[in-house]
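Hi,

Here is the structure I promised to pass on. Have a look first, and my notes follow below.

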Amino acid sequence: MHDDDILIGSLLEESWLSLEQVAAACMVEPAWLLRHLEEGLFPHAERVAGTWHFSATTLSRARRMRQLERDFDAAPELAALVADLLEEMDALRARAGSGG
């Protein structure tokens, strides 16, 4: 886990980010996020009054997907699948670490 991940997790647990903020954090154009939203690859993003809102969890997912697409030339659907698996592994590790 990187220092910026810890900072993002602690500061944004209860906050919502805009499409532009997430795009900037992922170093992508907003159009990249919109394409992925249209394809249903960010299931936890919410649209309120016509504006997209993203949680810290969705930001983390977007960063992982962008990295997978960039580093491995992965198709968006494959990047989303790998992100799903990594999220599940993180949840299992957290459960195992808490004794439950």
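A quick definition before the notes: by relative accessible area, a residue is buried under 20%, exposed over 50% and partly exposed in between, using a 1.4 Å probe and protein chains only. This is a predicted model, so to speak of local features I need pLDDT of at least 70, and side-chain atom pairs count only at pLDDT 80 or more, while totals for chains, interfaces and linings use all residues. Residues are numbered from 1 along each chain as its sequence is written, and side-chain values use heavy atoms, with hydrogens and water left out.

Now the overall picture. The protein has five helices and two strands (DSSP runs numbered from the N terminus: H or I of at least four residues for helices, E of at least two for strands). Their order from the N terminus is α-α-α-β-β-α-α. Of the 100 residues, 29% are buried. The exposed surface comes to about 6600 Å², with 56% of it from carbon and sulfur atoms (Shrake-Rupley, 1.4 Å probe; for residues, only the protein chains shown count as cover). Taking contacts (heavy atoms within 4.5 Å) between residues at least 6 apart in sequence, 51% link residues at least 24 apart.

Two backbone spots to check. Most residues other than glycine have a negative phi. Ala 49, not a glycine, has a positive phi of about 50°; it sits in the loop between β1 (46-48) and β2 (51-53) and is exposed at 81% relative accessibility. Asp 73 is not a glycine either and has a positive phi of about 50°. Asp 73 lies in the loop between α4 (56-72) and α5 (76-97), and is exposed with a relative accessible area of 70%.

Cheers
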